Amino acid sequence: MCNKFTVKKISAITTILLVFSTTVVYAGVGGEIDVSGPIDLKQLLIFTLIFLGGLGIVFGVALAFAAQKFAVKVDPNVERVRDILPGANCGACGFAGCMGYAEAVVAKPDVSPNLCSPGKASVADAIAHITGKIAAAVEPNFARLMCQGGWSKSQKKYKYEGIQDCRAVILAGGGDKSCRYGCLGYRTCERVCPFGAITMTAEHLPFVDITKCTGCRKCEAACPTKVIEVLPASSQVLVSCHSKDKGVNTKKNCQVGCIACGTCVRVCPFDAPLVENNLSKITLDKCKVCGLCVPKCPTKAIFDFIPHRSKAVVLDHCIGCLICMKVCPVNAAYGEHKKLHVIDHTKCIGCGICTAKCPVQAIDGTFNATEVFAAAAAKKAEKAA
Amino acid sequence: MEFTKLFELIIAASLINNFVFAKYLGLCIFFGVTKKMDTAIGMSLTFTSVMVISAGLNWIIYEFIMKPLGLGFLEIVIFIGVVAGFVQAADTIMKKVSPGLYYRLGIYLALITTNCIILAVPLENVSSGYNFIESLFFGLGSGIGFSLAMIIMASIREKLELADVPKSFQGLPISFVITGLIALAFLGFSGLITL
């Protein structure tokens, strides 16, 4: 009943407005009607009003009736899912916009509920709750810049005067930087990011704010040199360089490029870096983000994304098992069997390995302490249940 | 029934006075759906059916209500209004009656209301004074002509994806140039029959 009334009202108002706009100027002209005598404006107006009003009413009623009779049932779950989704239409889930994903996740049983990377865990859980599916924990991904050659640290081939976009500069002989693998710095990624997570620094390098980055990969797709990579959040120590040029040439082009000297390979206790094609790359599944390679790199090409590494502290419930002493890469832990261990803060680099390896979680203070404790508590709860 | 006149109307509307190539109408849909062949075919089918029905509907409304009451000046407003209403009703009904057809062709329905040809055909029917059957056949001819135009364009544009087009011409500019060339070719039909 409500539908019908509103449609009629709207069509009536529209037709009245249309009538007054048309009749005033064009009364009696057009079509096959010839003006043969004086025009009876009053009658014309009345006919027009009745006709347009009538037509509006007829169509309004017919459409309202059709809408009622031929209504298609839309699954209300689709609307509920659509409301929870962020609505950025970024396409990271692989579907055509948020509506596409909402429809797919409700209708198809094999579509996972945790595909929305901007939504993160809260959205995945909510969708899992609505659709009755199980949301596996998905690790967030962040965009990481694989270049530190800002304009003051690197050489340029020529002076570029053109469209200030990396996609334009790359057309002019592969970019204006001497190093053809580096970040050009003309703000393409900043423009493309739908969440405003990228800002350009004074060095013309993009800075990714991980509190806003959702791992949607739009910057990765837009970058013409593919120097911005989307990697798992846990990969926090990376060789921030893509230069496959020989070390000599890399050094000429950029002060902070990787020269493939192999120092990181020698220093790493877990055998994570691999030098291939004049470039060192850290194998992510071997790296324990201890950060030992960072100060050892001669060109400072390795970047530590952990902002502040606080040092480890042994708590009171230490059982004296000697494990932390065995795993510490800098021998900062010391102590006797069955006695409380101590960590030497002058040596400790805050790598977090001892925190992870302690069997009773008696070490606190490092960047990964909260996660380690939470994981241990979850395991205990599972065991008890 | 003068079958020759009806046949001539179809030839005239589709080839000689092709709405896209001779009258430059309906261009935004023409360029929009001709990127792929299947969207072009879908649009052609939907457009032809909507065109025929709306030509008939508009003729009836004009002949029996507007002409006697002297409301000819309202033709533009009314014709568009009728088409919009009919398209909306068709959209709702099709969604329920045949969801398969709606899934393939339903998106084009809303686009048709914005097509200039949908207005041009009834206006031409009125000014040329065709009767009911003639209006329907004129609508059919315009639909056939539009379909022909779109299918030709789609087949060329699909090949164009692989061609070496200069960067500043890629996409719409080269399509416009090609439409102009096809229009030149269609000029060859002029004088084929004189109505």
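This is a predicted model: local features need pLDDT of at least 70, side-chain atom pairs count only at pLDDT 80 or more; totals for chains, interfaces and linings use all residues.
Buried or exposed, would you say? Well, Asn331(A) has 9 other C-beta atoms within 10 Å, so it's exposed. You'll find Asn331(A) in the loop between α12 (323-327) and β10 (333-334) of chain A. Now look at its backbone. Most residues other than glycine have a negative phi. Asn331(A) isn't a glycine, and yet its phi is positive, about 55°.

There's another residue like that to look at, His204(A). Its phi is near 60°, again a positive value in a residue other than glycine. Where does His204(A) sit? In a loop of chain A, the one between β2 (198-200) and β3 (206-208). With 16 C-beta neighbours inside 10 Å, His204(A) falls between the two cut-offs, so we call it partly exposed.

Arg82(A) belongs to helix α3, residues 76-84. Arg82(A) has 17 other C-beta atoms within 10 Å, so this one is partly exposed too. And what does Arg82(A) touch, if we skip residues up to four places away in sequence? Cys98(A), Met99(A) and Ala102(A). Glu103(A) is 21 residues from Arg82(A) along the chain, and their C-alpha atoms are 8.3 Å apart.

Of the 195 residues in chain B, 38% are buried. Take the contacts in chain B between residues at least 6 apart in sequence: 78% of them join residues at least 24 apart.

Let's zoom in on one pair of helices there. Two packed helices are described by the angle between their axes and the distance between the axes. For α4(B), residues 75-97, and α6(B), residues 116-128, the angle is about 130° and the axes are 10 Å apart. That angle makes α4(B) oblique to α6(B). The crossing is right-handed.

Who meets whom? From α4(B) we have Glu75(B), Ile76(B), Phe79(B), Ile80(B) and Val83(B), and from α6(B) Ile118(B), Leu119(B), Pro122(B), Leu123(B) and Val126(B). By class, that contact has nine nonpolar residues, no polar ones and one charged.

Note on methods
Residues are numbered from 1 along each chain as its sequence is written. Chains are lettered from A and ligands numbered from 1 in the order in which they are written. Axes are lines fitted to C-alpha atoms, for helices over the stretch in contact, and angles run from 0 to 180 degrees between N-to-C directions. Helices (H or I, at least four residues) and strands (E, at least two) are DSSP runs, numbered from the N terminus. Angles under 35 degrees count as roughly parallel, over 145 as roughly antiparallel, 65 to 115 as roughly perpendicular and the rest as oblique. A crossing is left-handed if the near helix is turned anticlockwise from the far one by less than a right angle, and right-handed if clockwise. Two residues are in contact if their C-beta atoms, placed from the backbone, lie within 7 Å. Ala, Val, Leu, Ile, Met, Phe, Trp, Tyr, Cys and Pro count as nonpolar, Asp, Glu, Lys and Arg as charged, and the others, Gly among them, as polar. A residue is buried if 20 or more other C-beta atoms lie within 10 Å of its own, exposed if 12 or fewer, and partly exposed in between; C-beta atoms are placed from the backbone.
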